[in-house]
2 protein chains.
Amino acid sequence: MTDLNTIGEFGLIERIRQATPAPKHADTIRGIGDDAAVFNWGDDYGLLATDMLVEGIHFDLMYVPLKHLGYKAVAVNVSDIAAMNGLPLQITVSIGLSSRFPVEAVDELYEGIRMACEAYNVDLVGGDTTASRSGLIISISVLGKVPKDLITYRNTAQPNDVVCVTGDLGAAYLGLQLLEREKQVYLADPNMQPNLSEERSYLIQRQLRPDARTDIVHELRDLGIRPTSMIDISDGLASELLHICRQSGTGAVIFDENIPVDDQTHLAADEFKISPITAALNGGEDYELLFTVRPQEFDKLSTNARITAIGYLTANPDQVVLATKAGQQTPIRAQGWESLAKS
Amino acid sequence: MTDLNTIGEFGLIERIRQATPAPKHADTIRGIGDDAAVFNWGDDYGLLATDMLVEGIHFDLMYVPLKHLGYKAVAVNVSDIAAMNGLPLQITVSIGLSSRFPVEAVDELYEGIRMACEAYNVDLVGGDTTASRSGLIISISVLGKVPKDLITYRNTAQPNDVVCVTGDLGAAYLGLQLLEREKQVYLADPNMQPNLSEERSYLIQRQLRPDARTDIVHELRDLGIRPTSMIDISDGLASELLHICRQSGTGAVIFDENIPVDDQTHLAADEFKISPITAALNGGEDYELLFTVRPQEFDKLSTNARITAIGYLTANPDQVVLATKAGQQTPIRAQGWESLAKS
């Protein structure tokens with residue numbers, strides 16, 4: 001018997017992918033291996049993605065308001081559609097609930113879900129409700145679409161492409177550290193007031209209520225740019241960059257000083273004695289987009305404050321590195337998933 | 001604060017449905033309220049359904065082999081597509097796993113999933129894998145399609161329509177009773193051999209490895225019959241019939257002697273001192289199809305051994321009754337869902 005932790009989440013997905021036979025339906029364009037599955041719907045490609053959030057693994061209801069959780073559960077799914085350069089259409093929401101949740105808690109959760117549906121122009125069209133012995137489980141599936149000539153995969157990047165990220169990175173991870181610390185303080189003395197001041201509000205918001213970058217999908221279309229590859233940053237920049245490089249057969253050079261990090265992230269990183277670059281590379285949950293464009297296309301983006309060029313791809317797949325201003329290079333490695341919880 | 005058990009599963013779904021705004025996308029034809037959501041895909045309607053199975057609520061791994069569980073998880077989703085008169089195309093599978101599951105257990109589960117994909121001609125195109133603190137969670141979403149002129153809803157039945165069911169009912173419920181009893185015997189004395197003889201094999205198979213009736217969808221098409229309404233029997237005949245009647249605004253008279261029950265179900269029902277009709281009405285998990293056809297269409301079906309007419313619809317929505325040969329009528333009521341588990 002082989003412990004799941006020895007192969008890890010990506011090992012498990014790869015094992016499942018390899019055992020999965022080739023699609024039988026001609027309409028199935030792409031299956032396991034990207035942010036969403038891709039189908040031939042005539043004029044457009046259809047997209048389907050799904051994400052499961054489990055209490056005690058992905059969220060702690062001691063500090064996550066249910067309304068924010070509902071919003072986030074939708075946003076992380078929509079983010080997978082954005083990562084294919086697509087826009088979302090419909091979602092289904094399945095929830096497992098233990099008896100400690102009153103009806104009002106479900107109302108709160110769905111209020112957040114509806115707010116996200118409004119924000120992303122998505123129809124809530126179905127789902128499943130069930131009992132659970134172990135707290136809250138949320139499983140969302142999202143359908144989306146993308147014009148055929150705009151679909152963007154992970155495995156189509158080329159050497160010399162410019163590597164871009166949207167927004168800034170590492171904030172959600174430091175938001176989580178702040179919330180976890182305040183929780184410990186509260187558990188030690190329930191009379192203590194939480195110390196989550198204004199100057200940390202951005203970090204908290206990034207952790208509790210992240211947004212999917214559908215705005216960037218619209219913007220790229222307006223600029224007439226189709227990225228050569230794209231992925232959303234759910235597990236950290238390092239892991240996502242390695243997906244693109246591995247699947248495209250390229251290497252990459254990323255300049256650490258170019259990685260966009262917010263001032264609040266810098267301050268909190270100092271406080272927690274974490275390098276902000278480490279938070280950006282391995283923190284995860286930023287739900288920004290990582291994409292590549294041909295060098296000649298990048299000019300159209302260079303004045304966009306929401307998009308930052310952080311490096312370029314190379315022809316050497318063995319070389320995915322972080323480069324300092326001084327010229328030092330260190331290999332970029334992905335962290336594994338959270339260890340499986342005991343039960 | 002309101003306990004979820006006071007409103008029940010259907011109350012909760014109704015509450016969510018009422019709070020859900022009308023669809024924003026013109027392509028969203030039907031949202032919450034049927035076996036699957038319905039989309040305009042051009043020539044066909046697209047269908048999306050989803051089901052979540054939670055360890056300790058929906059299955060007990062003491063007697064459910066993982067391979068069967070994987071098969072069943074796919075079959076119950078495909079059954080929702082069949083209930084719309086559609087055929088399945090693709091599925092995504094999300095699993096939550098606690099650390100007690102070795103890699104080999106995941107292999108077993110996916111072997112069953114692949115067998116079902118083969119049986120139903122479905123492509124496995126994606127999913128999510130995550131840790132769980134509470135055993136196994138399986139959430140599957142399925143896409144399907146149906147020609148526009150064949151789509152079959154729950155709310156389009158009419159008075160005088162003939163009520164039909166496929167296969168036989170109540171067997172899965174008695175299979176569950178048998179497995180539960182053998183489990184108790186085993187727990188009391190682990191040296192006892194399980195007493196699951198040949199004459200019970202059908203009941204066990206119906207519980208552990210049910211099949212979706214896509215064969216009936218093909219058959220109805222071959223016969224040129226479009227049902228006036230259809231639903232799959234997951235919660236028991238009573239509950240499903242009431243869905244059709246409530247949503248169509250009809251009543252129904254069902255003849256108890258017409259309800260198809262297998263010989264093994266009769267024998268086991270005697271043994272457990274349960275009425276086989278009660279098992280059929282409230283047992284659930286049969287995954288047969290309940291549908292209605294216009295009276296003049298029924299002739300085409302009357303010689304089909306796999307389809308049984310069990311009654312007819314009436315214009316009185318307050319009268320959904322079970323009728324005996326002697327002419328006695330009793331109202332048909334739906335049982336609630338399983339109480340929410342404690343946690």
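Asp235(A) is partly exposed, with a relative accessible area of 36%, where partly exposed falls between buried, under 20%, and exposed, over 50%, using a 1.4 Å probe and protein chains only. This is a predicted model, in which local features need pLDDT of at least 70 and side-chain atom pairs count only at pLDDT 80 or more, while totals for chains, interfaces and linings use all residues. Residues are numbered from 1 along each chain as its sequence is written, chains are lettered from A and ligands numbered from 1 in the order written, and side-chain values use heavy atoms, without hydrogens or water.

UniProt, in an unreviewed entry, lists Asp235(A) under "binding site", an annotation that may be inferred rather than shown by experiment. Asp235(A) sits in the loop between strand 8 (229–232) and helix 7 (237–248) of chain A, helices being DSSP runs of H or I with at least four residues and strands runs of E with at least two, numbered from the N terminus. Beyond its neighbours within four places in sequence, Asp235(A) is in contact (heavy atoms within 4.5 Å) with residues including Phe10(A), Asn282(A) and Glu285(A).

Let me turn to the two chains. Chain A and chain B each give 81 residues to their contact, and the area buried between them is about 6900 Å², with 61% from carbon and sulfur atoms; buried area is the accessible area (1.4 Å probe) lost on putting two parts together, summed over both. Four salt bridges cross this interface, each a side-chain nitrogen of Lys or Arg within 4 Å of a carboxyl oxygen of Asp or Glu. One salt bridge joins Asp107(A) and Arg15(B), at 2.6 Å from N to O.
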